[in-house]
Amino acid sequence: MFSTLRFFEGFCLAGIVLSLYALRIELCPPGHRFMITMVASFIEMAGQFLMPGLAALCRDWQVLQAVIICPFLLMLLYWVIFPESLRWLMATQQFEASKELILQFTHKNRVNTESDIKGVVPELEKEIARRPKKVCIVKVVGTRNLWKNIVVLCVNSLTGYGIHHCFAKSMMGHEAKMAITHNFYADYYTMAGIALASCLAMCPVVGFLGRRGGLLLFMILTALASLLQLGLLNLIGKYSQLPDSGMSDSVKDKFSTAFSIVGMFSSHAVGSLSVFFCAEITPTVIRGGGLGLVLASAGFGRLTAPIMELHNQKGYFLHHVIFACCTLICIICILLLPESKNQNLPENIPDGEHYTRQPLLPHKKGEQPLLLTNSELKDYSGLHDSAAVSDGISENTTANGMKSM
């Protein structure tokens, strides 16, 4: 019964996290989405720092469980107080509910409907007769760019959260064969402090480099930390066994700890940015489904930790090698993603499909890009009508408008 109730508790918590994440993204303007998400992350970090203190005060796990769950009772009032996402209602053509929500907002804000939203309510009244059009996440399979973006972010989140455990076990003494401390609270606060530092570093990095550039930078750091830990430390271990080397195992332990801290720092940022990136580039009609896929991939990455514990750390090195190879693949795949900084959220699947990538570096003046953007694409379906085309093009001009020599 305990295991069954814990399962349903985790099942409901996953839905709460997903719903709150999607609502935050849809309520914020483009320039404040990342800031609000980071504020929510800092509040989550505050909860992690308070958890050991609550455990020390309660002492009994049943009392601790009751203390943690009691604040969630306030969420029962959200059904009455907190409104539904107007963006989602409009995107799924639920115009009757949209009209009621707009009138509710205008009444609470004391807005004059005749002057401030003139034409909006009458336009909704014309569309009320239309049936709601909800879209399933399965529709992504028929797209060309959207499914690729979601799959890339799923692999990124799986790799980020999966390799995080490898770095944590290495830092806590699995490879170095000596723990930093033997105190549970010290180890817990060390890992929470690294996560907090990662969130603090994401703010200036993402603000300066953008979503794609920040994700690429943190993934490169993760790959370097994992490769150095797997390759360089093995070389140091063999060199330290030589009688004249003058190098002890403590040097290897210090390097292992340093690489583990850098790896945990960057892998936490990779996982968090992958979830946030998916929320921005997934259309409103399927944002919940896209977020669910990325969060499920992150959960599967976390699941590798207890699997390794069940096998008594057998195959730990292979586990780390596989995720290190995944980081190299992710570096290449990140280049295929679009940049969503200061961009409007896509509302439907065609909007998300036209969300194509931009080059990392701007084009120089006079340089013609190799890949055309969507605004530059033209319909060449009628080129087979050679007779009609030849009348409009001179003999010394090619199809792309350049004169032939």
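The entries go from the whole chain to single residues.

**Entry 1. Whole chain.** I note first that this is a predicted model. I counted elements and found 15 helices and zero strands. I then looked up burial: of the 405 residues, 35% count as buried. For contacts with a separation of 6 or more, I found that 76% join residues 24 or more positions apart.

**Entry 2. Record.** I checked UniProt, where an unreviewed entry lists "transmembrane region" for residues 34-51, 63-81, 188-209, 216-237, 257-278, 285-305 and 317-337. I looked up two of these spans in the model. Residues 34-51 are 100% helix and 0% strand, and I read 26 Å between the end C-alpha atoms. For residues 317-337 I found 86% helix and 0% strand, with the end C-alpha atoms 31 Å apart.

**Entry 3. α1 against α2.** I asked at what angle α1 and α2 pack. The angle is about 150 degrees, and the axes are 9 Å apart. I noted the crossing of these two helices as right-handed. From α1, the residues Tyr21, Arg24 and Ile25 meet Arg33, Ile36, Thr37 and Ala40 of α2. I sorted this contact by class and got four nonpolar, one polar and two charged residues.

**Entry 4. Cores.** Which members of the largest nonpolar core touch the most other members? I found Leu153, Met202 and Leu215, in a core of 41 residues. I listed the elements that give this core two or more residues: α1 (2-27), α2 (33-58), α9 (146-171), α10 (184-240), α11 (249-281), α12 (287-310) and α13 (316-334). Apart from this core I found another, of nine residues, with Ile163, Cys166, Ile194 and Ala225 among them. I went back to Leu153 and looked up its contacts, leaving aside neighbours within four places in sequence. Leu153 is in contact with Leu215, Ser274, Phe277, Cys278, Ile281, Val294 and Leu337.

**Entry 5. Cys154.** I placed Cys154 in helix α9. Is Cys154 buried or exposed? Its relative accessibility is 14%, so I count Cys154 as buried, the cut-off being under 20%. Not counting residues up to four places away in sequence, Cys154 touches Leu293, Val294 and Ser297. I also looked up Gly292, which is 138 residues from Cys154 along the chain, and read 9.9 Å between the two C-alpha atoms.

**Entry 6. Thr284.** I found Thr284 in the loop between α11 and α12. Thr284 counts as buried because its relative accessibility is 1%. I listed what Thr284 touches, not counting residues up to four places away in sequence: Glu26, Arg87, Trp88, Ala91, Pro346 and Glu347. Val135 is 149 residues from Thr284 in sequence, and I read 9.7 Å in space, C-alpha to C-alpha.

**Entry 7. Positive phi.** I looked up two residues other than glycine with positive phi, Arg59 and Asn342. Phi of Arg59 is about 70 degrees. I placed Arg59 in the loop between α2 and α3 (61-69). Arg59 has 75% relative accessibility and therefore counts as exposed. For Asn342 I read a phi near 60 degrees. Asn342 is in the loop between α13 and α14 (349-353).

Methods:
Residues numbered from 1 in each chain as written. Predicted model: local features only at pLDDT ≥ 70, side-chain atom pairs only at ≥ 80, totals over all residues. Heavy atoms only, no water. UniProt positions renumbered as here; feature names shortened; annotations may be inferred. Helix = DSSP H or I, 4+ residues; strand = E, 2+ residues; numbered from the N terminus. Core = buried A, V, L, I, M, F, W, Y, C linked by side-chain atoms within 4.5 Å. Buried < 20%, exposed > 50% of the residue type's maximum accessible area, 1.4 Å probe, protein only. Contact = heavy atoms within 4.5 Å. Axes fitted to C-alpha atoms, helices over the stretch in contact; angles between N-to-C directions. Left-handed = near helix turned anticlockwise from the far one by under 90°. Nonpolar A, V, L, I, M, F, W, Y, C, P; charged D, E, K, R; others polar.
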